[in-house]
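Please look over the structure below before reading on.

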Amino acid sequence: MKNFNSNRVFKRNNHEPNPDGEYVLYWMQINRRFHYNFALEYAVGWANKLGKPLVILEAFSCDYPWATARTHTFMMQGMKEHLEYADRQKLNYVSFVEAEAGQYESLLKKLASNAAVLVTDEYPVFIMRKRNETYPQELEIPYFTVDSNGLIPLGLTDKDPYSAYLFRKIMQKNFVEAFTNPPKQNPLEDLENTDKVELSADLYDGITDGRDSLEKIPEFVSKLDINQEVKPIEWHGGRQAALGMLGAFIQNGLKVYDEKRNDPDEKKTSNLSPWLHFGKISEYEVVKAVLEHQPAGWDLDKITYNNGSTGGFFNGDPNIDGFLDEVITWREVGFHYAHHRDDYDRLDSLPDWAMETLNNHRDDPREWVYTYEELANSQTHDEIWNAAQTQLREEGIIHNYLRMLWGKKVIEWTPDPETALEYLIDLNNTYAIDGRDPNSYSGIFWCFGRFDRAWQERPIFGKLRYMTSDSTRKKVKLKQYLGKYGNQKALL
Ligand SMILES: Cc1cc2nc3c(=O)[nH]c(=O)nc-3n(C[C@H](O)[C@H](O)[C@H](O)COP(=O)(O)OP(=O)(O)OC[C@H]3O[C@@H](n4cnc5c(N)ncnc54)[C@H](O)[C@@H]3O)c2cc1C
């Protein structure tokens, strides 16, 4: 990897490569794609250095927080597409979805025991973060994590950015270098040793090979001990669907993004977050595709450092520039924040002013207090909130503008900030197909003041930014949205 991208590589233990290892193992945990993937590229580099073949493990456990039929189905659709691709390309690809807790770990350890080196995805939240802290101590081979999450390498920041403005400054200083040092489109093309690896006979001892489960996804998922109430959604979890969504957005939404992104009725945002979350598409590809639609004559020389301000950096079409600020600055600030903070999912991480104001208003009377079940079932007095929750429950997503209102209101309708946070994380990560992401924590904690500043003081919220359903109704186009999702009967 070139120098700039060495900021993406984290060596997690001090083992030397196992000279008897038969292959290099790339464990695909979250950036689940064969293209534009720095971690896969790095694993290919190790395989070439050692003259060994590469084995790619893509697996899925059934024993993790907020496991649902929705997430499983989406993920397995992507794995099925991968299996077909890997067969065509004759890759050493092991695909496995566990039916019982523990099978995944056992498979990983067996594969690692015959490997020379292990490379996997760097990811700053959720179970991947925990695994990447634990396994390097348990496995006897070098364990590298490689960041293929965004444009600005995680190793480039030395502390958590406390605002988008601060991170935007870093992004503006590094954008051109990041963009001109991209991941390779097809890193597997560089793999020198393409020998077929005969995996040891006991690899699947007591468990079935992943192929079976991917042939009959609904049947397999329905038997798992996971939350079956949260049903699969219409969107397909594969890369082809992600590329299709990107193409549709460029055609229909990009040129009006800035103007119409906040109107739920317009549906002009990209909808890419589910596939960005599972790594089916890389942020680099999205940025590249979008930049190709800047007005004629635009090139990278038009970019001017603008001290962290939103405008005046890309100097292209304001719709495109606005979208880039979301997908680069707002998406990545959360990755960098979590990378530096192990309290990223706790209230302690809030800036002092936010925690202080929440504490000052902790005992303020609440006009409405709802239980988790009432919230989950859209049973509040607020039509817009209920509609947003219904969209989340049924379709696995909420329109961005309403997502902010949705989060803010839970703070107002629960007994204290701790309960509000618990409910929000639970609702988001259970129902949202893009949940369990650094952006889940950015979005939820933004409602509590992370990356924000103090506003005028008011009950319950204190100095946190406040949002109301009445002003939302006046501000954005919602008629069709409420027609579609808003027919839940109010509780009161
Ligand atoms: C309470 C709350 C919870 C949220 N939970 C999640 C979550 O679980 N997963 C998730 O990916 N996003 C979450 N967000 C951020 C944001 O709402 C979604 O990323 C966005 O709505 C996804 O829709 P889109 O792909 O059409 O976005 P677009 O507007 O098309 O933007 C393109 C991409 O930019 C990034 N992005 C856009 N807006 C934001 C933002 N405000 N913060 C961070 N990144 C952004 C996303 O990766 C998005 O896919 C949350 C926001 C809030 C307020």
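In this predicted model, the centres of domain 1 and domain 2, taken over C-alpha atoms, are separated by 35 Å. The contact between them draws on 11 residues from domain 1 and 15 residues from domain 2. Together the two domains bury about 1,000 Å² between them, and 63% of that area lies on carbon and sulfur atoms. On the side of domain 1, Trp66, Arg70 and Val125 supply 61% of the area buried against domain 2, which is more than any other three residues supply. The table sets out how the chain is divided.

| Domain | Residues |
|---|---|
| domain 1 | residues 4-154 + 198-205 |
| domain 2 | residues 347-485 |

How do the two helices H11 and H12 lie relative to each other, and at what angle do they cross? The axes of H11, which covers residues 283-291, and H12, which covers residues 318-340, come within 10 Å and cross at roughly 165°. Because angles over 145 degrees count as roughly antiparallel, H11 and H12 are therefore roughly antiparallel to each other. The crossing in which H11 passes H12 is left-handed.

Glu283, Val286, Val287, Val290 and Leu291 form the H11 side of this contact, and they meet Ile320, Phe323, Leu324, Val327, Ile328, Arg331 and Glu332 in H12. Sorted by class, the contact of H11 with H12 comprises nine nonpolar residues and three charged residues, with no polar residues.

Methods
Residues numbered from 1 in each chain as written. Predicted model: local features only at pLDDT ≥ 70, side-chain atom pairs only at ≥ 80, totals over all residues. Heavy atoms only, no water. Axes fitted to C-alpha atoms, helices over the stretch in contact; angles between N-to-C directions. Helix = DSSP H or I, 4+ residues; strand = E, 2+ residues; numbered from the N terminus. Parallel < 35°, antiparallel > 145°, perpendicular 65-115°, else oblique. Left-handed = near helix turned anticlockwise from the far one by under 90°. Contact = heavy atoms within 4.5 Å. Nonpolar A, V, L, I, M, F, W, Y, C, P; charged D, E, K, R; others polar. Domains from an automatic or database assignment. Buried area = accessible area lost by both parts, 1.4 Å probe.
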